[in-house]
Amino acid sequence: MSVTREQVINALRQVNDPELNRSLVDLGMVKDVEIAGPNVRVTIALTMAGCPLKEKIKEDVKKAVSTIPGVQEVSVVLTTMTSAERARLFGQEPSEMEGMKGVKNVIAVASGKGGVGKSTVSVNLAAALAKRGYKVGILDADMHGPDIPIMLGIKERPLGSRGMLFPLEKYGIKMMSTGTLAGEGTPIVWRGPLVNKAIKEFLGHVAWGELDYLIVDLPPGTGDAPLTVATTIPIKGVIIVTTPQKVALSDVRRSVGLFLKNQIPILGIVENMSYLKVPGREEVMDIFGSGGGEKMARAFKLPLLAKIPIEPEIRLGGDEGRPVALEESEASSPFFELADRVVKLVEKNRKGREA
Ligand SMILES: Nc1ncnc2c1ncn2[C@@H]1O[C@H](COP(=O)(O)OP(=O)(O)OP(=O)(O)O)[C@@H](O)[C@H]1O
Ligand SMILES: [Mg+2]
């Protein structure tokens, strides 16, 4: 006896959405049922991209359909509802950038290539701004290596409700990571229009509440990924992080070009791992040669916002999930200088626009 569609639908009537507590069938979440002999493939539309409950729903569907006599293999494909479908379900669809409504200033942190300290700068800038008394959030938009949760020592997964995701909070800093979109252990292939659509939806549906500053750790490079994020969120200014080597210059040039071409304002350049302070000595060691950051800033007519030395305390803070800039100290002082400059520039730009 072959498996029928009706049997599958009936089995799915027993599966509830864990949040809404109604069956997936009633909620209109069952998009497709395909049957090939003993193999069944079910397509489920989640209420939102990055739904924290997706693994549970997947497991529940698998379990329910497996109980049908004659079924051997069950695969579950997850998609997301369209805004029209969500509107039908919730009565009202959160508008596209709903979650950003209370966010005053979005500052994106970018780099031409990986490993230059983009996440370190992002998380310490957020910490310094929070220490100064601002309401701060940080968005980890680097889906290739979502490091911000580690750098803040956050292990929990965020919760969602009615099409909105709620950021987690640590040290008074709100945090959301695109890692949530991918789920644990999922290798992320970050390409194509579908992914762009998912990221756009995700970015708009994080319930940040009221924030003075939202710091966005962009994916590295000058490809599709950083541009999609940077053009989806209303950015007040970009900070470009680089290291002082000669090769970094061409990366910065490409990075600057990308943002300017897309009319996204650049606040300036941060030179990270600029120099090494030798313990017990006055002078510093310019490992990569000196003046690279200044030269670069002049070449691009951009301010050099900070020069951050190589400092074991900075790395340790990242590894231990306690950013060094949670407190003012010698090691964290460049991040406070950076934060103060950023605040000044944002204020100046605002006044410039109002004038
Ligand atoms: N100024 C610094 N002093 C000491 N260590 C640093 C400094 N900046 C960054 N690091 C360390 O260098 C490594 C890379 O930094 P980070 O992860 O911030 O770079 P990234 O540009 O975000 O990299 P990725 O492209 O992999 O996301 C980390 O181990 C970090 O702790
Ligand atoms: Mg990083």
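User: What average pLDDT does the protein have, and what share of the residues score at least 70?
Analyst: This is a predicted model, and the protein averages a pLDDT of 87. A score of at least 70 is reached by 93% of the residues.

User: Which elements have the lowest and the highest mean pLDDT?
Analyst: Helix α6, residues 179–182, has the lowest mean, at 71. The highest mean among the elements belongs to α4, at 98.

User: How many helices and strands are there in the protein?
Analyst: The protein has 12 helices and 14 strands. Its C-alpha trace spans about 85 × 45 × 35 Å along the principal axes.

User: And what percentage of the residues count as buried?
Analyst: Of the 355 residues, 43% count as buried. As for contacts with a separation of 6 or more, 74% of them join residues 24 or more positions apart.

User: On to domains. Which ones does the assignment give?
Analyst: The domain assignment gives domain 1 (5–90) and domain 2 (98–354). Their C-alpha centres lie 38 Å apart.

User: How many residues of each domain are in contact with the other?
Analyst: On the domain 1 side there are 12 residues, in contact with 15 residues of domain 2. Two elements, α2 (54–66) and α3 (83–90), each give two or more residues to the side of domain 1 that touches domain 2. By type, that side of domain 1 divides into five nonpolar, three polar and four charged residues.

User: What about the largest nonpolar core; which residues have the most contacts inside it?
Analyst: This core has 76 residues, and A108, L125, A126, I215 and V216 have the most contacts inside it. Helix α4 supplies the largest share, with eight residues.

User: Change of topic: which residues come nearest to ligand 1?
Analyst: Around ligand 1 there are 20 residues, and G114, G117, K118, S119 and T120 come nearest.

User: How does the shell around ligand 1 divide into nonpolar, polar and charged residues?
Analyst: Six of the shell residues are nonpolar, nine are polar and five are charged.

User: Now the loops. Where is I235, and is it buried or exposed?
Analyst: I235 is in the loop between α8 (224–232) and β11 (237–242). I235 counts as buried because 23 C-beta neighbours lie inside 10 Å, and the cut-off for buried is 20 or more.

User: What is I235 in contact with, apart from neighbours within four places in sequence?
Analyst: Its contacts are V106, A108, A230 and I264. One of them, A108, is also listed among the residues with the most contacts inside the largest core.

User: And L27, where is that found?
Analyst: L27 is found in the loop between α1 (5–12) and β1 (30–36). With 19 C-beta neighbours inside 10 Å, L27 counts as partly exposed. Residues up to four places away in sequence aside, L27 touches D17, L20, R22 and L89.

User: Which phi does N21 have, and where is its place?
Analyst: N21 has a positive phi of about 55 degrees, although it is not a glycine. Most residues other than glycine have a negative phi. The place of N21 is in the loop between α1 and β1, and N21 counts as exposed, with 8 C-beta neighbours inside 10 Å.

User: What about the phi of Q263?
Analyst: Q263 has a positive phi of about 55 degrees and is not a glycine either. Q263 is found in the loop between α9 (246–261) and β12. Q263 is exposed because 7 other C-beta atoms lie within 10 Å, where 12 or fewer is the cut-off for exposed.

Methods:
Residues numbered from 1 in each chain as written. Chains lettered and ligands numbered in written order. Predicted model: local features only at pLDDT ≥ 70, side-chain atom pairs only at ≥ 80, totals over all residues. Near = placed C-beta within 6 Å. Nonpolar A, V, L, I, M, F, W, Y, C, P; charged D, E, K, R; others polar. Core = buried A, V, L, I, M, F, W, Y, C linked by C-beta atoms within 7 Å. Helix = DSSP H or I, 4+ residues; strand = E, 2+ residues; numbered from the N terminus. Domains from an automatic or database assignment. Contact = placed C-beta atoms within 7 Å. pLDDT = per-residue confidence, 0-100.
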